[in-house]
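Here is a short tour for someone meeting this structure for the first time. Have a look at it, then read on.

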Amino acid sequence: MSRKVRTKVGFAGKVEEIEVTVADNDPDPWGADAKLSVVGTRVPRVDGPIKVTGKAKYTYDVAPKGMLHGAILRSPHGAAVVNSIDTSAAEKLEGVVAVHAAKKAGARVLFHGDEVAGVAAETEEIAQEALTLIKVDYEVKPCVTTVEAASKKDAPRVFENRPNVQPGRARGGADADGAIEKAPLIVEATYTTEVQTHSSLETHGCVVQIDGGSVTAWASTQATFGCRQGFAGAAKVEQGNVRVISEHVGGGFGSKFDIGREGHIAVELTRKAGRPVKVMLDRKGEHLHGGNRPSSIQAFKGGVDKEGKIFGIKVATSGTGGIGGGAGSAHPGFYTVGAWEKSETNVITNAGEARAFRAPGHPQGFFGMESFLDELAEKAGIDPLEFRKKNCRSKVHLAEFDLAAEKFNWKERRRAKSGSDAGPKKRGAGMASSVWYNAGGQGFKVDVVVSPDGTVEVRNGAQDIGTGTRTVLAVLVAEELGLKPDQIVVKMGDTILPPGPNSGGSTTAASLGPAARAAGLKAKKELLERAVRDLKAKPGDLDLKDGVVVKSGSPTTMTFKKLCQALGTETLHVTGDREKNYAGYSETVAGVQMAEVEVDVETGQVRCLRVVAIQDAGRVVDRLTFESQVSGGVIQGVSYALFEERRLDPNLGVMVNPDFLNYKVAGSKDCPEIIAIAFDVANAKNNVGMMGLGEPPTIPTAGAIANAVANAIGVRVRSLPITPDKVLAALEAKKS
Amino acid sequence: MNRFEYVRARSAKEAAELLAGTKGALLKASGTDLIDRMKSFIDTPPRVVSLSNADGMSDISTDGGGARIGALVTLARLAETLREGPLAAIGQAAGEAATPQIRNVATVGGNLCQRPRCWYYRLGEVPCLKKGGKDCPAIKGDNRYHAIFETSPCPIVHPSNLGGPAVAFGATIHVQGSKGIREIKAEEFFTLPKADIARENVLERDDVITAVSIPAWKGARSAYLEGREKESFDWSLVNATAVLQLEGGVCREARIVLGSVAPIPWRVPAAEAALAGKKIDEAVAAEAARKAFEGAKPLSGNAYKVPMGRAIVKRAILAAAGLWKE
Amino acid sequence: MPKKPNRPKNLKLGPEVSRRGFLRGLGAAAGAAAVGAPLLGARQESRVQGPGPVKVALQINGARREVEIEPRVTLLNALRNHLDLTGTKKICDRGSCGGCMVLVDGAAVNSCLMLAIDAEGRKIETIEGLSADGKLHPIQEEFCAHDALQCGFCTPGMVMACKALLDRKKEPTLDEIREGISGNICRCGTYNKIFDAVRAAAPRLK
């Protein structure tokens, strides 16, 4: 059953009241006027101390008694047929306990890194050595590694039964050509992006232990419950007999939703060995088959007039997600672009498959679209900020544009004339925007357990992959119980705990936060009921604040600890349910970023100096971890814009940079100064007003940087990453 | 890694004997390169002779303007010691190498003897000429980081940061073999793939570098600069060492050596000649830089090294003359 | 289910006997001053060890720890797989990420590229040693206070890099901090927060 509640929504002082439908079970939503003491402050991560001391146990660190070390043999070829596989020499090596041939004679390997066999041995060193003793006879087949090569008429097929070129979704559907033809100014441009690997620092992998019919698996995952299903399938047991533990996860970014081939190999080796086996990918395996962001080729055509009106935009995209996964690019929908038409093609190539990667489709699509908007603005002779403001129908974005311009000092940093700085190092400024969609979802539960000694434990089985979910839950329960977040113990990452979401779509915190708040509130009510008699109060008069019971607004002498003593021998155990989202104020979150770069026109090197990131996340629960998420998104965006590129040799199909030497990830000297600003929007989508935050901050960065580079040097690099060779080539082309 | 027997040598002489004693034995100083290769099973020595306990190779002396640098001196210490003065390019080259923690252990001898960083060479599963294969996958493959001079048959670039300065300053490399000691001029130390595909220098397998000595360059000024993609840990795309003997701003003698453009440190006499007798300014430096890349034959993916390299050489010359600061 | 012994059959106990008698008894030389040289007390004899497991005595966080390992075992694997010191992380295993950073004789070192046997006799400090008394080190406190971590996997290496930096430089500039941790990769993107944490920790360590 539900009830109607009026609540205040809005942003930047523009507050209005709306009515939302709230489940009976659910607390009243916090509105724009909610007075909160912990929520919205700067709270240090609750698992900080165990992480900075090295005590936090990640999957990689787990070693149950008798555990063996696993290793995986991978295909050295881009495409081949396995004629034969002989594991006997490996089996004979002292210290090897089990060998599993994942590919049998006759099987095809489809990419460099395709799993061929697994070994379990007493030590890592022996397992690695054993791999060299597995004799595989391959018949090497021709392979295709690029969209162009795979799209040729006579190209070898990656899958025998499917053409390489697969039509994707068509969107928009308007007759953009017709609209564009009517425009006085027409622009055409093609943008390309390369494959980016997730490069989570903790690689994929697991430790599997099988005792009779029950399976315990420690897994580096962003989906404990999803992996429970995966391991149940691999071990052919019921899900109820599988426990997945993932107490701490060294990053995932969208790549760690299932148990992977390594999970299947670990189960096979564990069965064969009769002992627990750990299979963690090495860095090379992680690059080769740990997921990636697909490449993109985005051909834009658009029409505009001198006033900055856009008549229409048409875009045809293609890209490759290797042997699987679409390669679509997502483009912003909050700009008024006239007729919009989009077509999409996915091209299969001989490479490890793409997986969801932090805002799938968005960094590449927004790089394309935001670059193209700048090109339209330039054609129209309008400042790109003004151009966007003219063509934006999102009120939150419009407010953010102004705030960003002020914090960034757009007028000063944007070069009126490109290349006007003295000397070879030219500065420039650019901007881009983002949008995201999620406010979490229903169906999850959070338990709060209060002990007579005053200990408060919050429990949920989902994982915290470094986003700060633990801290968010602690803050929300602390808010309701009048405690400090570090007084709350949060247990997560174990499927014996209440059900939680997979960490995808920036939904984890917003899916669990409202349930945690509900559970905290329930615990408060139940605890205070026990104090009513002692304090001679009516239930409605009492509250919890700053660690004591408050009566009619005044603190009493009853501390939280004393209150809990009233539990006697009982432990208070309550459950908060995540009810469905309301029809709230805004369905999306908005972000705007402005970047300043310095381009050395003689060496071609680009440095990103400064990024202002304005980001809406609904109600920000913890401003400190908010800043971290935003800064982290920006830095990943810088890395994507300037450095990262999976390189496949076009002839052999091998990845030539499966490491951190030549797969280049931004380091400390490559980071811009980052000013991360929360743009608070009271959104009333759920009882907290939380929205997704993990993905959006990485969406606009590459586009903003590309636009800044164009502003700095007066010529556009339409291809990511913007490496010195491309900058020098663009400058050379401009000269001639 | 394969299983190997391990033995610590206490001196270069002992190391040379221990190397001679077992076929395929390899020498290890800090091991930052060797262990990496062994993890990829590119090298599988039955014996590793470790210098971790070796004596007499860890000192630097800088008497009389020159320097004698023990082979086990770390890059960190070298960068600290030779930060200024005529030999500054050496310190700068050491300081730009790899990462702080690599520089803390990586040695001068090891830096000079690093195997190529060619990504095909470093992939254990890919055959290449250096690994006994029949052809070079880089020539028709992805060669963005490869050579633009002497690209046949194997277009590696020499990975040593110190190689350029060693050649530029006319260093002498002191070597202990199992049969005795000898000295090798830096310019004769490095060898091209066409001379011997299996190695990058003239050392025999039982040779141990004991020290590198640099002659005095009184009054000279020098600089080492790199062009790269990342500022943090990255390999140079092009690097340049410039050593100038200046008198009143006029260049009496110049040494210009390029790195990351050829399988050996690439000295460019034409650029040196373009500087001799000239007052150093931007135009003169640019002309020398242009000369430095005459004859470059980029591969399919590395033509950018020419314009970038010209800028780096120009700046290195200007930096040596005190006319450029990064 | 097939049962196999816990230990490979050929793994011998104890160091192998020297195969090269002539190498024994050569005079022990004093260690040189460079980081690359061992402390006094290191083994001085040049005997052939391995390839089977040999006893290696490591001095870790002030305590002597003995492991029996093959010479091919890296210091990183020795810490993680033989001593249960899993705070030191394996990320790239090739010296390019700093996740495995420990201090050896006070200098920051990638433990993935150092053989454990080469670390014999040297003073090794790991992340576990930094708060051995149960109290967070000021660098660790500032990491927490500034949220200089997210997933936390690079964090132990980062903390050690910062310690190495602040041991050497009391008041590092921003550029020096950037340089000091330039060999450590953080994929979540916490660098800027780390700069803040180091600047806050520096005056507390004077």
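## Where chains A and B meet

Chain B puts 26 residues into its contact with chain A, and chain A puts in 29 residues. Two residues count as being in contact if their C-beta atoms, placed from the backbone, lie within 7 Å. On the chain B side, the elements giving two or more residues are α7 (119-122) and α12 (305-320). Of these, α12(B) gives the most, with 4 residues. (Helices are DSSP runs of H or I with at least four residues, strands are runs of E with at least two, and both are numbered from the N terminus.)

What is that side of chain B made of? It splits into 14 nonpolar, 4 polar and 8 charged residues. Here Ala, Val, Leu, Ile, Met, Phe, Trp, Tyr, Cys and Pro are nonpolar, Asp, Glu, Lys and Arg are charged, and the others, Gly among them, are polar.

Residues are numbered from 1 along each chain as its sequence is written, with chains lettered from A and ligands numbered from 1 in the order in which they are written.

The model scores ipTM 0.97 and pTM 0.96. For chain C, the mean pLDDT (the predictor's confidence in each residue, from 0 to 100) is 84, and 78% of the residues reach 70 or more. Residues 1-44 of chain C have pLDDT below 50, with 84 contacts in the model beyond near neighbours in sequence. Where pLDDT is low, the predicted coordinates should not be read in detail.

Chain B has an open sheet of 3 strands in the order β1-β3-β2, with parallel pairing. (Strands pair if DSSP finds at least two bridges between them.) β1 (5-8) and β2 (26-28) of chain B are at the edges with a single partner strand each, so one side of each has no neighbour in the sheet.

β1(B) and β3 (residues 47-50) of chain B run parallel, joined by 4 bridges. Glu5(B), for one, has Arg47(B) as its bridge partner in β3(B). Helix α1 (residues 12-21) of chain B packs on the sheet and touches β1, β2 and β3 of chain B; its direction makes about 175° with that of β3(B). (Axes are lines fitted to C-alpha atoms, for helices over the stretch in contact, and angles run from 0 to 180 degrees between N-to-C directions.)

Terms used:
This is a predicted model: local features need pLDDT of at least 70, side-chain atom pairs count only at pLDDT 80 or more; totals for chains, interfaces and linings use all residues.
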